[in-house]
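Take a look at the chain, then read on.

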Amino acid sequence: MKVLITGGAGFIGSTVASKCVDAGIDVVILDNLLTGRAEFAHRFPFYCGDIADEKLLDRIFADHPDIVATVHCAALIVVGDSVSSPARYYENNVSKSLTLVSSVLRNGCERFLFSSSAAVYAPSDGGCVDEHWRIAPQSPYAHSKAQFETMLDDIVAATGLSAISLRYFNPVGADPELRSGPASARPTHALGKLFESYSTGTPFRVTGTDWPTRDGSGVRDYVHVWDLADAHVRALERFDRVTADSSRMTVVNLGSGRGTTVWELVHTFENVLGEDVDVVAADRRTGDTAGAYASNDRALRLLGWVPTFTLEQGIDDTARWLAVRAHRLNSAPLSVSLVARPRR
C-alpha cells in the first residue's frame, strides 16, 4: 500500500508517516514547509508545494500511480491566529482543501483520511463527548474544520469518494524513536507553554480558572501522538471495511478517553520533570471553552483502537525530544530547550 500524506513534514503528519513505514505502508509527502520541516520529510519521496497546486498533484499521481489513499494533515491550527486572521484559515483549511479533494478524485484516488478536530463540538462542562455531540465550533479554526467536514460529507454522498474524519483531541508527545516531534519555537498549546515556562523560568499562565469543572481550570484530553499515528494506520488498513456500509463520511473520535484539567496537567508535569513550575492564574482566552474528553467507543469498534500511552509518557517523550530537537532540526537552540535545566 502507498499513501499520500499532505502536511507530512509537520508534527502529526511526520509521525503518521513514520508509523506507516513501520507498518509496511509506503509514503509520499506533500508539504509547503510553511510550518513543516524538511528534516522530517527527507526519508520519504517529498514534494514541496501547495495542496491547491493542481498541476503538482497531477505530477505526484503520475509519478506514483499506485497511491491508494490520501491522508490530509495539512492545515493551519492555531486558534488565536484564526481569530485575528480568519480569512487565511478559511482559505487554507477550506478552499484549498476542497481543491485537493478535486485533484485526488480526478486522479482516481477515492480513499480520503482527514485530520479533523474535537474543536468542532459544542462546548461542554468538561465531560465526555461522543461523535453524536452537537457541532458548534467556537473559533474560525474550528469552523474551518467543521465546514470542510460538511463539504466532504456532501462529496462522499455524490461521488465515488470514501472518507473517514478523525477528530483529534489534544496531541502530545513525540515519536518514541525521536524521528520527529513538535518543531515550533513558539508553542501555543498548554504542554508546550509548560515546557517554555520550565526552561525559561517564567510563570505558566492558567488561562481561565472559573470554568464549571472540578477545579475551575479547563479540561483537555491529552492523547499521545504515537497513539494518533497508530489510529491512522488502522484506519488505512481497515478503510474499505469501515466505509463499506455507508454513503456518508465516517467520523471517529481519537482521544485518551480521560479528562485532565490544566491544574492536573501542571502537577503531572512537575512529577515527571521533578521540579516545580511557577504558575499564575489568567483570564480566559478568546475561543477557549471548558473543554471535554473523548468517548473512544467508535474507535474501538471500527478500528480496534485503544490508546496505550499515558500523559506521563507524553510529557517524558516531549522532554526527550526537546533535548535533541536543535540537533535533529540542524538549527541553533530554540526558545524551548531542556539543555539549560536538565531533568533530575
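What follows is a report on aromatic rings, a pocket, some loop residues and a few distances. The model is predicted.

## Aromatic pairs

How many aromatic pairs does the structure hold? There are 5 aromatic pairs. One of them joins Phe112 and Phe148. Their ring centres are 6.2 Å apart. Their planes meet at 55 degrees, so this pair is tilted. The cut-offs matter here: planes under 30 degrees apart count as stacked, and those over 60 as edge-to-face.

Are Phe114 and Phe148 buried or exposed? Phe114 has 2% relative accessibility, so Phe114 counts as buried. Phe148 has 0% relative accessibility, so Phe148 counts as buried as well. Buried means under 20% relative accessible area. Taken together, Phe112, Phe114 and Phe148 form one aromatic cluster.

## A charge over a ring

The charged end of Arg284 sits over the ring of Trp211. The distance to the ring centre is 3.6 Å.

## The second largest pocket

Rolling a probe the size of a water molecule over the atoms shows where empty space is left. The second largest pocket holds about 160 Å³ of space. Its lining has 14 residues. Which of them are closest to the pocket centre? They are Tyr222, Ser256, Phe309, Thr310 and Leu311.

By type, the lining of the second largest pocket divides into 6 nonpolar, 5 polar and 3 charged residues.

## Residues in loops

Ser124 is in the loop between β5 and β6, the latter at residues 128-129. Ser124 has a relative accessible area of 12%, so Ser124 is buried. What does the side chain of Ser124 reach? It reaches the backbone nitrogen of Gly127, at 3.4 Å.

Leu33 is in the loop between β2 (26-31) and α2 (38-41). Its phi is positive, about 60 degrees, although Leu33 is not a glycine. Leu33 has a relative accessible area of 29%, so Leu33 is partly exposed.

Leu178 is in the loop between β8 (170-172) and α7 (190-200). Phi of Leu178 is near 60 degrees, again a positive value in a residue other than glycine. Leu178 has 10% relative accessibility, so Leu178 counts as buried.

## Distances along the chain and in space

Ile155 is in helix α6. With 17% relative accessibility, Ile155 counts as buried. Val28 is in strand β2. With a relative accessible area of 0%, Val28 is buried. Leu113 is in strand β5. With 1% relative accessibility, Leu113 counts as buried.

| Pair | Apart in sequence | C-alpha distance |
|---|---|---|
| Ile155 and Arg248 | 93 residues | 8.7 Å |
| Val28 and Ala294 | 266 residues | 30 Å |
| Leu113 and Val78 | 35 residues | 21 Å |

Take the rows in turn. Ile155 and Arg248 are 93 residues apart along the chain, and their C-alpha atoms are separated by 8.7 Å. Leu113 and Val78 are 35 residues apart in sequence, with 21 Å between their C-alpha atoms. For Val28 and Ala294, 266 residues apart along the chain, the separation is 30 Å.

Definitions and conventions. Residues numbered from 1 in each chain as written. Predicted model: local features only at pLDDT ≥ 70, side-chain atom pairs only at ≥ 80, totals over all residues. Heavy atoms only, no water. Phe/Tyr/Trp six-rings, centres within 6.5 Å; stacked < 30°, edge-to-face > 60°. Buried < 20%, exposed > 50% of the residue type's maximum accessible area, 1.4 Å probe, protein only. Lys NZ or Arg CZ within 6 Å of the ring centre and 35° of its normal. 1 Å grid on protein atoms, 1.4 Å probe; cavity = no way out; pocket = protein on both sides within 12 Å on 5 of 7 lines; lining within 4 Å. Points joined across faces, edges and corners; volume = space filled by probe spheres on them. Nonpolar A, V, L, I, M, F, W, Y, C, P; charged D, E, K, R; others polar. Helix = DSSP H or I, 4+ residues; strand = E, 2+ residues; numbered from the N terminus. Polar contact = N/O pair within 3.5 Å; in protein donor to acceptor, adjacent residues only side chain to side chain.
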